[in-house]
Amino acid sequence: MALPSSLLAEPEPFDDLPPEDHSAPPAVTLRPVPTLVEAARHASPTTLAVERMLPVLPALAGLVPDGLRRGSSLGVSGPGARSLAMALMAGATSAGSWAAVVGDPDLGLVAAGEVGVALERLALVSPPEPSAWGDVVGTLVGSLDLVVVAPHHRVGAETVRRLMARVRERGSVLIRIGDGPWPDRFDLTLTVVDGSWEGHGSGHGRLRLRRAEVVATGRRAAARERRVVMMLPSPDGSPTAPELLGGG
Amino acid sequence: MTEPVRTLVVCCLDWPLTALGVAPSDPAMVLASGRVAAASVTARSAGVVVGQRRRGAQARCPEAVVLERDEVIEARRFEAVVVALSNITPWVEVQHPGTCAFAVRGPVRLFGGEEALVGSTAATVQRALDDTLGTGTHPGCRIGVADGPFAAGLASRSAMGEMVVVPSGGTPAFLAPLPVSVLERPDLADVLVRLGLTTLGALAALPVQDVVARFGSEGMAAQLLASGLDSRQLHMVAQQPDMAVGMDMDPPVDRIEQVAFAARSLAGSLHDGLARQGLACTCVVVEAETGHGERLARRWRDEGAIGAGAMADRVRWQLEGWLHGPPSVRPTSGLVRLDLTPEEVVHAGSHQVGFWGGVTAADERAGRALSRVAVMLGPGSVGVPEWRGGRDPAGQFTLVPFPEGPVDGSAGGAIGPVSPPSDDPPWPGVLPSPAPAAVHPEPVVVEVVDADGHPVVVDGRGVVSAEPARVCQGGGAGGGVISWAGPWPVDERWWDPLRRSHRVSLQVVSDDGLARLLVLEGGSWRIAATYD
């Protein structure tokens with residue numbers, strides 16, 4: 001057991017206080033003894049709305065203004081979907097959340113590091129068999145805050161329904177990369193609709209940045225369409241400088 | 001408080017090496033997950049220390065033979081010693097392969113004095129080791145007797161000759177000059193040394209209430225150990241009979257794998273049952289019965305609580321030892337029953353996850369889920385990134401397999417750095433930022449042609465033969481090239497005929513809007529990465 005550093009500080013200064021006055025015995029009321037679970041429910045602090053959000057990079061504030069809502073699902077598609085998914089992972093992993101990527105052996109780790117993903121809290125899972133896919137992803141969403149999937153097979157509706165129930169129960173976020181069919185509506189869909197690279201010509205220069213237009217549509221609070229032009233990536237690899245066009 | 005039990009500890013020196021058949025004079029070391037777990041006397045005198053990394057240890061002692069740790073063989077070979085000791089007392093407790101202990105009180109009367117008991121124990125172990133490993137191939141054993149297993153273990157390890165018998169009541173004096181690091185609580189020992197308490201005697205001399213106020217129950221347990229009062233009996237709660245779990249096997253099972261599978265689920269249910277009552281098990285009796293009524297029971301103890309995975313491992317080790325043991329003890333038919341009985345349980349409170357710093361609850365949870373997935377999908381299926389360096393985007397990071405089974409303190413699993421160290425020298429010729437978001441482990445071979453349909457080549461000076469116009473996959477029409485940049489030649493390891501690599505990279509943006517990194521090597525173009 002690691003010894004917490006707070007124990008190295010001086011002991012609590014309340015040891016020498018006089019004992020409390022117990023002269024007036026409190027009125028005894030007979031109440032049923034609560035079970036441990038009930039007691040814990042009363043004693044646990046209120047969950048603030050902020051705590052139900054996973055933080056995102058400031059560059060993405062135009063797309064997901066408050067962060068990723070725990071218990072939600074996101075679909076990311078279009079050319080540049082991987083860069084966008086990495087950008088979504090960056091904020092939460094640097095704030096202490098764990099992320100797992102299931103079934104995307106191509107993910108560029110150098111790029112992930114440049115985007116800002118905390119690689120010490122990233123795990124890559126090789127593509128499971130379609131029959132085991134639901135169990136593997138279900139295990140991960142139960143314990144990790146962010147699970148990114150890129151299934152190469154058609155995922156069944158029942159699998160997704162159970163998966164989403166677990167995501168909502170455990171407060172994790174499921175991100176799906178790719179354009180293929182998905183049997184459920186995402187809470188938020190981010191699509192890279194247009195991207196153009198800059199910095200290179202015919203045999204000179206090098207790829208420096210991509211201006212990408214990203215459209216966010218979704219359900220409930222995110223129902224209004226947002227459209228953002230951002231550098232994905234910027235010359236140093238991280239996404240930056242969003243310019244809100246319309247709708248936002 | 002009960003008096004500490006007078007205990008005898010038998011400790012076989014360098015057991016991970018001895019069990020693998022390494023003679024003490026040979027330079028050798030045993031590695032477990034990349035670090036030295038044990039080293040022979042010769043290797044140690046050359047400067048190899050336990051816990052060192054492989055590379056450092058090999059630099060110190062290049063001639064040493066490097067072996068991988070094999071706990072199954074350790075347990076199997078040690079079983080012969082335990083079987084031999086059961087002629088002295090049936091209550092032998094295996095702490096881990098290589099070390100076992102038993103209470104002196106019963107057998108001491110049989111042998112008429114501790115000296116005689118120690119002498120015959122040493123002779124028994126020596127004979128068992130000679131029979132199993134061969135005469136002269138092992139460094140023998142050390143025996144320590146003291147009040148309480150903690151002090152006895154230290155006595156056995158400190159024995160320069162064959163044995164150390166600490167006189168009854170002399171345990172505090174024996175412990176007093178020893179350094180606090182023997183408590184095997186590195187964090188606590190670190191703080192104690194900084195406070196000027198370098199020996200167990202100094203810690204034992206402090207008032208109990210001050211130690212508790214400052215260090216809590218962990219400090220109190222340490223102080224009790226340092227004072228020669230073994231805390232093992234302190235937190236014990238009365239064992240409840242319904243905690244034992246068992247399983248009948250019909251038809252009888254004679255394959256280790258099947259038993260191990262059954263043991264895993266059995267251990268899991270015992271662990272869950274105990275956890276529901278807020279308890280953890282520190283000593284478990286594993287009992288197996290064969291179709292012919294033979295029974296083998298063995299007691300396993302671990303100072304920390306034994307987790308479900310560790311318990312299943314111990315069942316497996318024990319049965320391996322039994323099945324491969326001498327013919328006189330080998331079972332004659334398949335197993336029909338397996339029982340796990342928790343013999344000592346403690347309150348699990350002392351085994352909970354810390355709040356501050358270090359490994360957070362989220363890290364622990366993630367580590368458990370990932371190792372479960374690693375078990376589901378097979379070894380190597382879950383990887384964590386580790387920085388390697390290099391010029392090729394596919395080689396700059398490597399995936400280290402996430403460990404299967406229970407993870408210890410470092411829930412991250414990554415052993416090495418995950419980002420380039422700040423003092424890392426630069427790699428000239430590396431592709432500048434931004435890096436491609438998709439790196440293909442198995443690059444697709446493509447054809448790059450110019451406007452007239454001739455293949456584009458790069459000459460020895462790094463000049464392209466013509467402007468690339470199309471990139472064709474598998475003989476198809478392919479996408480048109482809008483713009484391109486490069487080429488950048490890289491000539492790596494030209495001095496090494498096997499690993500040399502001469503290649504040329506080209507960044508190409510095609511009319512589907514995607515940018516790709518093409519690499520020409522050995523006469524063919526490949527899509528190495530995509531700027532997705």
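Before the first selection, one term: two strands count as paired if DSSP finds at least two bridges between them. With that in mind, and remembering that this is a predicted model, pick Leu518(B) and look across to Ile527(B) in E20(B), which stands opposite.

Now widen the selection to both strands. E19 (residues 515-521) and E20 (residues 524-531) of chain B run antiparallel and are joined by seven bridges.

**An open sheet in chain B**

Next, select E3, E2 and E4 of chain B. These three strands form an open sheet in the order E3-E2-E4, with mixed pairing. Which strands stand at the edges? They are strand E3 (35-39) and strand E4 (65-68) of chain B; each has a single partner strand, so one side of each is left without a neighbour in the sheet. From one strand to the next, the twist averages 35°. For the parallel part, show E2 (residues 28-32) of chain B with E4(B), where four bridges join the two. Zoom in on Met29(B) and you will find Val66(B) of E4(B) opposite.

**Where chain B meets chain A**

Bring chain A into view. The contact involves 58 residues from chain A and 54 residues from chain B. Together the chains bury about 4700 Å², with 63% of it on carbon and sulfur atoms. Highlight Arg214(B), Pro434(B) and Asp532(B): these supply 13% of the area that chain B buries against chain A, more than any other three residues.

Stay with Asp532(B). Its side chain meets that of Arg82(A) in a salt bridge, at 2.8 Å from N to O. How many salt bridges does the rule find across this interface? It finds one. For polar contacts, the count between chain B and chain A is 15 residue pairs.

Several elements of chain B supply at least two residues each to the side that touches chain A, including helix H9 (186-194), helix H11 (208-226) and strand E17 (479-492). The largest share, ten residues, comes from H14(B). Colour this side of chain B by residue class and you get 34 nonpolar, eleven polar and nine charged residues.

For a last stop, select strand E5 (residues 122-125) of chain A along with E13(B): the two pair in the antiparallel sense over two bridges. Here Leu124(A) has Gly383(B) as its bridge partner.

Definitions and conventions
Residues are numbered from 1 along each chain as its sequence is written. Chains are lettered from A and ligands numbered from 1 in the order in which they are written. This is a predicted model: local features need pLDDT of at least 70, side-chain atom pairs count only at pLDDT 80 or more; totals for chains, interfaces and linings use all residues. Side-chain values use heavy atoms; hydrogens and water are left out. Contact means heavy atoms within 4.5 Å. Buried area is the accessible area (1.4 Å probe) that two parts lose on being put together, summed over both. A salt bridge is a side-chain nitrogen of Lys or Arg within 4 Å of a carboxyl oxygen of Asp or Glu. A polar contact is a pair of N or O atoms within 3.5 Å; within protein, one must be able to donate a hydrogen and the other to accept it, and residues adjacent in sequence count only if both atoms are side-chain atoms. Ala, Val, Leu, Ile, Met, Phe, Trp, Tyr, Cys and Pro count as nonpolar, Asp, Glu, Lys and Arg as charged, and the others, Gly among them, as polar. Axes are lines fitted to C-alpha atoms, for helices over the stretch in contact, and angles run from 0 to 180 degrees between N-to-C directions.
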